[in-house]
Amino acid sequence: MRNVVYTGFMSLDGVVDSPGGPEEGHRSGGWVVKDLEFVPEAWSLKEEELTDTTALMFGRRSYEAFAKVWPGSPDHTDYKELPKYVVSTTLTDDALVDGWGPTTILRSIEDVAALKEGEGGAIFIHGSAELARRLSDAGLIDQYNLLVFPVLLGAGKSLFDRADRDKRMLTLRESESYSNGILKLVYDVRR
């Protein structure tokens, strides 16, 4: 069985929307790089993840956003040839990016569950808040790797569904705080 890991940047009030820049549509877009001192060790989680990542998974919108940047980015060369899975009911094969490793379109949560049951290592989800919520609701997320930023955004996409549901417990695997206020939180989902 494969582990599915959500990795992302989150504001203290739970928003994962538009961390990279204003072009992403959120009025506070770019909150990951604005107004904070750059502390290299606060980003060490991203380097640590590379050793565990055997595949990437995206929702359609995140795939389209990352596919514009990551294939040619020197910061993401280790991801270039990894298998990629895009969960979408609308994406077509001709919309997939050439030269960015093998990419498979999954059409349903059931397809994700079947992939998870197969052989292989960890599958990491970057961005893709809507997909992460759906997979969490289906009990398919095994681990959360979060960098929590000292900012309150008040609006935007949340990583977690706000619907009333049964409680899910997490076990803290690792945590660290950095001088710029960023917190690294790594949680395993209890089964």
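Tyr144 finds its bridge partner in strand 8, and that partner is Tyr187. Strands here, like helices, are DSSP runs numbered from the N terminus (at least two residues of E for a strand, at least four of H or I for a helix). This is a predicted model, where local features need pLDDT of at least 70, side-chain atom pairs count only at pLDDT 80 or more, and totals for chains, interfaces and linings use all residues. Residues are numbered from 1 along each chain as its sequence is written, and side-chain values use heavy atoms, with hydrogens and water left out.

**Strands side by side**

- Strand 6 (143–149) and strand 8 (residues 183–189) run antiparallel and are joined by six bridges. Two strands count as a pair if DSSP finds at least two bridges between them.
- Strand 7 also runs antiparallel to strand 8, this time with seven bridges. Across from Leu185 in strand 8 stands Ser175.
- Strand 7 and strand 8 make a hairpin with five residues between them, and Gly181 in the turn has a positive phi of about 95°.

**Helices with a buried side**

- In helix 3 (residues 109–117), the buried residues are Ile109, Val112, Leu115 and Lys116. Seen down the axis, they fall within an arc of 115°, so they line one face of helix 3. Buried means under 20% relative accessible area, exposed means over 50%, and partly exposed is in between (1.4 Å probe, protein chains only). The arc is that of the directions from the helix axis to the C-beta atoms.
- Here's a handy rule: an α-helix has 3.6 residues a turn, so residues three or four places apart point the same way.
- Turned away from the buried side of helix 3 is a face with the exposed residues Glu110, Ala114 and Glu117.
- What do the buried residues of helix 3 pack against? Their partners include strand 1 (4–11), strand 2 (53–59) and helix 4 (129–137). Contact means heavy atoms within 4.5 Å.
- Helix 2 buries Ser62, Tyr63 and Ala67. These cover an arc of only 125° around the axis, which puts them on the same side of helix 2. Strand 2, strand 3, strand 4 and strand 5 are among the elements covering them.

**Aromatic rings**

- The structure holds twelve aromatic pairs. One of them, Phe58 with Trp70, is edge-to-face, at 6.2 Å centre to centre and 75° between the planes. Rings of Phe, Tyr and Trp (its six-membered ring) pair if their centres lie within 6.5 Å; planes under 30 degrees apart count as stacked, over 60 as edge-to-face and the rest as tilted.
- That pair links distant parts of the chain, with Phe58 in strand 2 and Trp70 twelve residues away, in the loop between helix 2 (60–67) and strand 3. Both Phe58 and Trp70 are buried.
- Phe58 and Trp70 also belong to one aromatic cluster with Tyr63, Phe66, Tyr79 and Trp100.

**Two loop residues**

- Ser158 is in the loop between strand 6 and strand 7 (170–177). Is Ser158 buried or exposed? Ser158 counts as buried because its relative accessibility is 14%.
- Leaving out residues up to four places away in sequence, Ser158 touches Gly14, Val16, Ala129 and Arg133.
- Gly101 is in the loop between strand 3 and strand 4, and its 21% relative accessibility makes it partly exposed.
- Gly101 and Pro83 are 18 residues apart in sequence, yet 5.8 Å apart in space, C-alpha to C-alpha.
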